[in-house]
Amino acid sequence: SGPGVYIAMILSLCVVFLFEAKTNAKRLVWGIVSAILLVGLFFSYARAGWIAFLAGLLLIATVKYKRLWFLLPGIVLLVILILPQLSERFSDISLSQLGNRSSSTLAMRVQLWNAGVEVFKESNPLFGVGYGVERYRIGEYLSQYPWMAHNDYIAVLVGTGLIGLIFFVLWHGQWFVQLLQAYRHSLAPLDKTLALATLAVLFVSLVARLTDNILEPTGRLYPLVALVAVTFALPRIRAKEPARGKKS
């Protein structure tokens with residue numbers, strides 16, 4: 001799932017730049033890059049990546065391209081009919097078999113999520129069991145290998161408790177709000193495009209985190225942090241350029 005989600009995040013950024021391209025040359029470049037990533041996402045067979053990318057498209061449609069809301073259902077149906085591998089990839093999931101760990105990866109995740117909640121209940125609810133320790137406690141609870149929680153939110157809840165989860169959600173929530181404001185208030189076309197693209201990348205990651213430990217580990221979070229920082233810094237740097245010109 002990890003590689004597929006990473007591809008979905010990058011693809012969502014490229015799609016925004018493709019939609020916002022003003023020249024045929026830029027449309028060609030971004031179109032080729034998006035097509036390559038789209039093929040990579042398909043052959044990753046990552047269900048989390050597929051779902052997260054679709055969620056990213058819905059966000060883009062909500063923020064700017066409203067007509068996508070009418071086009072996406074038809075496009076998704078057409079893709080499913082043309083590529084039966086998509087529906088086959090979900091064929092092993094049965095809501096009636098979620099209690100059987102070996103029936104599907106979703107059933108395995110449900111067991112891990114339930115175990116994480118039980119570990120949280122038995123530990124310090126405010127501070128958790130300790131950052132990075134949650135997987136060992138979940139594995140111990142299941143008398144199995146120290147499994148990752150396969151859900152960033154549950155992992156943070158078990159590891160750092162309610163206080164950690166609140167800060168985690170507020171941290172990413174304020175990114176989301178500020179990126180939306182940056183998109184709405186930016187004057188330069190590049191700044192608006194970058195803000196919308198970064199907003200889509202963030203949203204894709206937030207959706208994917210419901211079923212995977214994608215970016216909760218600090219090292220994996222650095223690229224997203226850097227992208228958000230650049231998005232916020234670019235308008236501020238641009239705003240200072242006229243003032244510097246007058247002084248010189």
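1. Salt bridges. In this predicted model, the count of salt bridges comes to 6.

2. Glu118 and Lys121. The side chains of Glu118 and Lys121 meet in a salt bridge, with an N to O distance of 3.7 Å. Glu118 counts as partly exposed, at 28% relative accessibility, whereas Lys121 is exposed, with a relative accessible area of 57%.

3. Arg137 and Glu140. A salt bridge also joins Arg137 to Glu140, whose closest N and O atoms are 3.8 Å apart. Arg137 is partly exposed at a relative accessible area of 30%, and Glu140 is exposed at 56%.

4. Asp191 and Arg238. For this salt bridge, the closest N and O atoms are 2.8 Å apart. Arg238 counts as partly exposed, at 31% relative accessibility.

5. Aromatic pairs. The structure holds 12 aromatic pairs. One of them, formed by Phe17 and Trp30, is stacked, with 4.8 Å centre to centre and 25° between the planes. This pair links distant parts of the chain: Phe17 is in helix H1 (residues 2-20) and Trp30 in helix H2 (residues 24-44), 13 residues apart. Phe17 counts as buried at 15% relative accessibility, while Trp30 counts as partly exposed at 25%. Tyr153 and Phe168 form an edge-to-face pair, 6.2 Å centre to centre with 75° between the planes; both of these residues are buried.

6. Ring cluster and charges over rings. Phe42, Phe43, Tyr45 and Trp50 are linked into a cluster by ring pairs. Elsewhere, charged side chains lie over ring faces: Arg135 is over the face of Tyr136, at 5.9 Å from the ring centre, and Lys192 is over the face of Tyr183, at 4.5 Å from the ring centre.

7. In soluble globular proteins, nonpolar side chains tend to be buried together. The largest nonpolar core here has 66 residues, of which Phe53, Ile138 and Leu224 touch the most other members. Helix H8 supplies the largest share of this core, 13 residues.

8. Nonpolar surface. A nonpolar patch on the surface is formed by Leu126, Phe127, Leu162, Ile163, Ile166, Phe167 and Leu170, which together have about 690 Å² of accessible area. Leu170 lies in helix H8 (residues 152-185) and counts as exposed, at 55% relative accessibility.

9. Val76. This residue lies in helix H4 (residues 68-82) and is partly exposed, with a relative accessible area of 31%. Val76 and Leu54 are 22 residues apart in sequence, and their C-alpha atoms are 9.0 Å apart in space.

Definitions and conventions: Residues are numbered from 1 along each chain as its sequence is written. This is a predicted model: local features need pLDDT of at least 70, side-chain atom pairs count only at pLDDT 80 or more; totals for chains, interfaces and linings use all residues. Side-chain values use heavy atoms; hydrogens and water are left out. Rings of Phe, Tyr and Trp (its six-membered ring) pair if their centres lie within 6.5 Å; planes under 30 degrees apart count as stacked, over 60 as edge-to-face and the rest as tilted. Helices (H or I, at least four residues) and strands (E, at least two) are DSSP runs, numbered from the N terminus. Buried means under 20% relative accessible area, exposed over 50%, partly exposed in between (1.4 Å probe, protein chains only). A charge sits over a ring if NZ of Lys or CZ of Arg is within 6 Å of the ring centre and within 35 degrees of the ring normal. Patches are made of residues with over 30% relative accessible area and no salt bridge: like charges are joined within 9 Å, nonpolar side chains (Val, Leu, Ile, Met, Phe, Trp, Tyr) within 5 Å. Accessible areas come from the Shrake-Rupley method with a 1.4 Å probe; for residues, only the protein chains shown count as cover. A salt bridge is a side-chain nitrogen of Lys or Arg within 4 Å of a carboxyl oxygen of Asp or Glu. A nonpolar core is a set of buried Ala, Val, Leu, Ile, Met, Phe, Trp, Tyr and Cys residues joined through side-chain atoms within 4.5 Å.
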